[in-house]
Amino acid sequence: MADIDIPQHLIDLETAAWAEQQAGALTVATAAAVQQAYTEHAKAAGVSRYEVERATKRIVRHPEG
């Protein structure tokens with residue numbers, strides 16, 4: 001996988017969504033905001049939305065590696 005620049009706002013959104021998910025309280029609004037941000041960033045960067053989501057989740061959920 002190529003290196004993808006993940007801006008801090010995506011990391012912050014995913015962090016909030018992950019915290020909600022872990023608490024069993026993920027809202028549709030939070031999930032939709034994250035997905036929209038992934039889509040917008042991927043389009044602007046000319047990369048796959050899937051790869052943006054994957055890279056962001058790796059940063060948030062597995063920061064050690």
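Visitor: What makes the crossing of α1 and α2 left-handed or right-handed?
Guide: In this model α1 and α2 cross in a left-handed manner; the term applies if the near helix is turned anticlockwise from the far one by less than a right angle, and right-handed if clockwise. The model is predicted: local features need pLDDT of at least 70, side-chain atom pairs count only at pLDDT 80 or more, and totals for chains, interfaces and linings use all residues. Residues are numbered from 1 along each chain as its sequence is written, and side-chain values use heavy atoms, without hydrogens or water.

Visitor: How do you know whether α1 and α2 are roughly parallel or roughly antiparallel to each other?
Guide: Their axes (lines fitted to C-alpha atoms over the stretch in contact, with angles from 0 to 180 degrees between N-to-C directions) come within 9 Å and cross at roughly 150 degrees. Under 35 degrees counts as roughly parallel, over 145 as roughly antiparallel, 65 to 115 as roughly perpendicular and the rest as oblique; α1 and α2 are therefore roughly antiparallel. L10, L13, E14, A17 and E20 of α1 meet T30, A33, V34, A37, Y38 and H41 of α2, where contact means heavy atoms within 4.5 Å.

Visitor: What makes the side chain of E53 a partner in a polar contact?
Guide: A polar contact requires N or O atoms within 3.5 Å, one able to donate a hydrogen and the other to accept it. The side chain of E53 has such a contact with that of R49 at 2.4 Å, and another with the side chain of Q35 at 3.5 Å. Beyond four places in sequence, E53 touches Q35 and Y38.

Visitor: Which residues make up the largest nonpolar core?
Guide: There are 11 residues in all, including L10, A17, V34, Y38 and V52. Helices α1 (8–22), α2 (28–45) and α3 (49–61) each give two or more, and α2 provides the largest share, 4 residues.

Notes:
Core = buried A, V, L, I, M, F, W, Y, C linked by side-chain atoms within 4.5 Å. Buried < 20%, exposed > 50% of the residue type's maximum accessible area, 1.4 Å probe, protein only.
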